[in-house]
Amino acid sequence: QTSGNRTALEQVITIVYLYAVTAVLQFFLALIQQHLLLTTTNSLVDKLRREFVSAVLRTEAAALDATSAGKMSSLLNENIEKIRDGLGEKVRS
């Protein structure tokens, strides 16, 4: 009877250790996933900013005269923040 209880206890302890190792591994994998998704989001936002600036530089001077620099800057920042927030929501879910 005592050896049966000891064997059962050893099996339970082994299962508990396996669960603990699995939980720690899952935690670190989630951290790596979060880091990679945030890095990708930041890279995408930087690329979008560069593309926007390139598009502005390719436009004709007459079109640029019709729009103030402050309006373009605020438009860029608002849209980039919306994209970042949207991607951030995807990352968090």
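Helices (H or I, at least four residues) and strands (E, at least two) are DSSP runs, numbered from the N terminus. Val24 sits in helix H1. This model is predicted: local features need pLDDT of at least 70, side-chain atom pairs count only at pLDDT 80 or more, and totals for chains, interfaces and linings use all residues. Residues are numbered from 1 along each chain as its sequence is written, and side-chain values use heavy atoms, with hydrogens and water left out.

Start with the fold. The chain holds three helices and zero strands. From the N terminus the order is α-α-α. The C-alpha atoms fill a box of roughly 95 × 15 × 15 Å along the principal axes.

Next, confidence. pLDDT is the predictor's confidence in each residue, from 0 to 100. The chain has a mean of 84, and 92% of its residues reach 70 or more. Confidence is highest in helix H1 (residues 2-58), at 90. It is lowest in helix H3 (residues 69-92), at a mean of 75.

Now the record. UniProt, in an unreviewed entry, lists residues 12-32 as "transmembrane region". Its positions use the numbering given here, feature names are shortened, and annotations may be inferred rather than shown by experiment. That span is 100% helix and 0% strand. Its end C-alpha atoms lie 30 Å apart.

Finally, burial. Buried means under 20% relative accessible area, exposed over 50%, and partly exposed in between (1.4 Å probe, protein chains only). Buried residues make up 9% of the 93 residues in the chain. Val24 counts as partly exposed because its relative accessibility is 46%.
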